[in-house]
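Biologist: Before we look at any detail, could you show me how to read a model of this kind, one feature after another?

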Amino acid sequence: MSVVQQKSEVARGAGRGGARRFSLTPTPTVTVYLALAVLLVVGSVLVGIQGGVLLDQGGILNILTRSTVLGLVAVGQTIVIINGSLDLSVAYLVGLCSLVAAETMAGSDGMMVPGVLLALGVAAVVGLVNGLVVTVLKVNAFIATLGVALILRGYLEENYTGPAGSVPRAFQHLGFDRVGPVPIGVLLMLAIAGAAWWYLRRTRGGYHMYAVGGDIDVARLSGVRTGRTIVTAHVLCAVAAGLAGVFLAGRLGSGAPYVGTDAGYDLESIAAVVLGGTALAGGRGGVVGTIGGVLILSTLDTIFDDLAVDPFFKDVVRGVVLIVAVALYARRQLSRRSG
Amino acid sequence: MNAPTTWRPRLADGTAPVLAVLAVLLVALAFAGPAYSEPTGYLALLKRAAPLMILAIGQYFVIVSGGFDLSVGSLVTAEVVIAARLIDGQESATIWVIPLLLALGVLVGLVNGLITTKLLVPSFIVTLGMLLVLDGAVFLWTGGAPRGALSPSFRVFGRGGIDLPVLGHLPWSVVILLVVLVAAAQFMRSGTGRTLVAVGDNQDAVRLAGGRVVRLKVLAFVLSGLLAALAAILLGGFAGVSAQVGEGLEFRAITAVVLGGVLLGGGRGSVVAAAAGALTLEALFSLLNLLGVSGALESAVQGVIIIAAVAYASLGANLRLGFRSRTATESSTRSTPPPHKENR
Amino acid sequence: MSASEQDVVVRLTGITKSFLGVPVLRGVDLELRAGEVHALMGENGAGKSTLLKVLAGVHRPDSGRIEVNGEEVVFGTPREAQQAGIAIIHQEFNLLEHRSVAENVHLGREPVRRGRVDRRRMEEDTRKLLDWLGEDGIDPAAPISRLSVAQKQVVEIVKALSTDAKVLAMDEPTAALADQEVELLYDLVDRLRKRGIAILYVSHRMREVFDLSGRITVLKDGAFVTCAPTTEMTSDQLVRHMVGRSLDALYPDRATDEDLGEVRLALRGAGNQRVREVTFELRSGEIVGIAGLQGSGRSAIARAIWGVEPFTTGTLELDGVARRITDPRAAVRLGIGFVTEDRKSEGLALRQSIRDNALLVRRAALPGSAGRKRSDLAALLKSVTVVARGEHQEVRYLSGGNQQKVVLAKWLAVGPRVLVVDEPTRGIDVGAKQAVHRLLRDLARQGVAVLMISSELPELIGMSDRILVVHEGAIAGELPAGASEEAVMGLATGHGIGEVA
């Protein structure tokens, strides 16, 4: 009895202290927000030296506004990545949904709700296709969603050359109005993030997503319906991307076929998720970290804007930040394993 | 070995389908377009396809050893833009710019490989980061838009050729492609090449057999970078300078490799098939073009065939064995592991 | 008899199962009663694991009848077997490392209240089950990755119990446990039994089986041999049932004095984190066995020689020259070969051809020489008697025995002077086993020094010219050829010779 008892005393001691999650090494989520805080301080100083202010109300709003669309897409991406999958079709999907929404509304107030619903429905169908290709045709998620992305691209290139459709003025308010000081878009993004958090952390479906991503065979042997779980994840991800498209339609006043790809939301959202500490292999991580990752990216953007740094320098920094962050996560896991 | 060692065609698993599809497409081209009634039509096709085939060969090395290289597209753009800026129309600069471009490709591959192996960052992320860095750095340096111009002697690799008695006009890019293809095929038959495939299959086994896994993986990235540089030289010559020259090439190269029956995640596939996959894609685009299908649908077609090819490979393996018990389907879902588990 | 008849929870009759036309089970019967520990014995490849999987609903039998509480059932999925009250604890843990104990225990069956998972109830239920088992040292909220191996096993058992299992099948439950942890498991099994659960206990270890079980069912080559109360069986009888022939005939002749040559490998006071003060010599032409319980450090010695986890103290001499081996590559180049314990994850690249695997070491560690001996590959594969469609067949389609022969070929291709083999016959059938034994002995005759690790004592004793016994990271003693199992076990468990429990 002795050895197990002793060891478990240690485990329990760590467990009961209330500081279990923060005992030895902080989780990636904590690291992300620490990094964000450091970035904000350093950024404020740098911007301050140049005579500007980073964190006044305008600055904060700027950071949050920049986070809105990427945040929506990245929250969906988090869900699929936790499942051990990924979705490369989101960028084209964002464009497609902005078009569907804007063309359905065609400037009429009465068509606002049908437009949104239709756009989200299209997104759900695309997600369903992604999920079924992965689970039924057993195509690697990378290839499956890349293939679907190419199909969407073909459709967009065939049928559109530029912006199309128009949203009614009332709907444009979604893009610009504020509740108090906070833009509606930001609230929308946070609400979706909150819902995704609740789903992943509190519901049975969410539990199963972590299980499928952690070890699909264990999940299957434990009676989890793995196929259904993966399909659900892809649908949710696509709907989040669809929502981003609808929001962009509101902001731009019309649908834009390449609004998603120009911003590189496919790879950018994966970068934000990974930056937020979610393991690319699945089974670990969460929405909270992802939002942190998104905020870091948009804070970087804002700081560089304030410093009037060449916009291309941002890409360089993003690439480096991404690699360094993941290298740090990998390192910590190694030290934990050996220690 | 108790069974007699029968001769079997030395085609790696999954090679036959792509060759069959390619053959069908080439025949169809002859019917669809008058240009293909003579060898020159096919030579022109090969010339167009050469950059993508070379990229696919490079991508093959990385994929078969269990990784991903998403940085090749932006590397191609970077190389072309840099070449234009450095040469700036001066004939004399060509001679030192070309080695420099190749060296840059090697360097980028080396960095990708070292970060993947030493810092244990999944190659998907490393090369994604590299993509961002290259994109940003090049335009930072050139100030937003490509400047300068390529010299005629630089462009000769992409557009020029030599006149031969029987074949007629033989483009340089086809010569270069053939040299690269033969060298790659020879390399994959060598001990090092076979070990590289084994790394993609089971790197622990290779390490415990005394193999240098890190060195091999880095080599794969370096080859990918080098060949991307070569493809950039051809593309720059062929298509000229633009900021979009490499756009989407990374996914197109991956498509080609997968179409060639190479297993994503590593451990299976032949380099010739990967190159054939690239040629198949180009042939398909040419055919669609001849049939009057709009260019926009190219990518949709590409999307459908990439899914079909992989579905065929992963579902077909089970059906062919007539082995459809529960365990069989379980093991088949495992046989295509997520690409990012490479560092476990 | 009629009283116990009522206690029968599960009865399997005439179960058959084939894979790809190869029969693995041929008409197996098995009967489990409430509150009994029923041992399932048989050599590797006898069909125990397949039988377990049939019981668990993973495989569907080709024919035969499964009854639960007297009613015939058909299990289509593991879930259906679970619902019928049957739970299996597989050799590899089926746990999610990054999820908590409670989450793992309830995976797939999370209690939901008002749309959300009732985490508190999950943790309470888990704690109750842990208490019921008398295991109060595990925090239901702790992630699995923080637990020891033994604790993980407890979680596996709790997970099984939480499905209201009436039957618990345990596949080699002690394989991953350290010595003291085995004692804990004994306790646990006993408590489960007293609570009326039927336990099917699969193990290779005679001692455990005789200590724990009430009845023993023996399988051989996929067929039912016998089922009898443990008290009516001696270990000799049991072995005979399992092997079906007398043990002596199984193994090739040992080395004679003329066979022995120079000292090839010598360790002097070698040690690292796992082992200490390891001193022994290995001569060319001899097979030295290393015995010890799992986790005793016997594999750690092999892996240290091989440079995976190198020795940090003491010296290692090869042919009289002191060497420092810090990675496998160095070991290969010095002429040391190592057949690892885990064939599939460390020994073979499964999707590669027989040829590529057989040449793996030569190509990976000795570049430049690859083309030199190309023509001898066929002869090499013939010498290890690989049966396959051709040298281009992928090794994953081979049987375990043939796979192991390919691993051996891989090393023979570089002509090692020292060959370390860790569990060389694990999971392979009797015929292949004999072939491997013959091969190892032939190698020794040709002057190779062989160091052999095996958990199967009869094999170790039958093959070895000398036996070193490892206990808690140090060599506890050396025994001559043909030592008794009791003597080996005595040293391995730390009791010393003659004090066997």
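Biologist: In what order do the strands of the open sheet in chain C follow one another?

Modeller: The sheet has six strands with mixed pairing, and the order is β18-β19-β20-β15-β21-β22 (chain C). At the edges stand β18 (336-339) and β22 (474-480) of chain C, each of which has a single partner strand, so one side of each is left without a neighbour in the sheet. From one strand to the next, the twist averages 20°.

Biologist: Which strands does helix α19 (residues 485-492) of chain C lie across?

Modeller: Helix α19 of chain C lies across β15, β21 and β22 of chain C, and its direction makes an angle of about 30° to β21(C).

Biologist: How should I read a pair of packed helices?

Modeller: Two packed helices are described by the angle between their axes and the distance between the axes. In chain B, helix α1 (residues 15-32) and helix α12 (residues 271-290) pack at an angle of about 30°, with their axes 9 Å apart, which makes α1(B) roughly parallel to α12(B). The crossing of α1(B) and α12(B) is left-handed. Among the residues that meet are Leu22(B), Leu25(B) and Leu29(B) on the α1(B) side, and Ala276(B), Leu284(B) and Leu287(B) on the α12(B) side; by class, the contact comprises 16 nonpolar, four polar and no charged residues.

Biologist: How many residues of chain B are in contact with chain A?

Modeller: The size of an interface is often given as the accessible area lost when the parts come together. Here we can count residues instead: 44 residues of chain B are in contact with 42 residues of chain A. To this side of chain B, α5 (123-142), α11 (249-259), α13 (297-321) and α14 (326-335) of chain B each supply at least two residues, and the side has 29 nonpolar, eleven polar and four charged residues.

Biologist: Where in chain C is confidence lowest and where is it highest among the helices and strands?

Modeller: Where pLDDT is low, the predicted coordinates should not be read in detail. The mean pLDDT of chain C is 85, with 92% of its residues at 70 or more; helix α1 (residues 2-7) of chain C is lowest at a mean of 58, and strand β20 (residues 449-453) of chain C is highest at 94. Over residues 497-501 of chain C, pLDDT stays under 50. For the complex, the predictor gives an ipTM of 0.81 and a pTM of 0.84.

Note on methods: Residues are numbered from 1 along each chain as its sequence is written. Chains are lettered from A and ligands numbered from 1 in the order in which they are written. This is a predicted model: local features need pLDDT of at least 70, side-chain atom pairs count only at pLDDT 80 or more; totals for chains, interfaces and linings use all residues. Two strands pair if DSSP finds at least two bridges between them. Helices (H or I, at least four residues) and strands (E, at least two) are DSSP runs, numbered from the N terminus. Axes are lines fitted to C-alpha atoms, for helices over the stretch in contact, and angles run from 0 to 180 degrees between N-to-C directions. Two residues are in contact if their C-beta atoms, placed from the backbone, lie within 7 Å. Ala, Val, Leu, Ile, Met, Phe, Trp, Tyr, Cys and Pro count as nonpolar, Asp, Glu, Lys and Arg as charged, and the others, Gly among them, as polar. pLDDT is the predictor's confidence in each residue, from 0 to 100. Angles under 35 degrees count as roughly parallel, over 145 as roughly antiparallel, 65 to 115 as roughly perpendicular and the rest as oblique. A crossing is left-handed if the near helix is turned anticlockwise from the far one by less than a right angle, and right-handed if clockwise.
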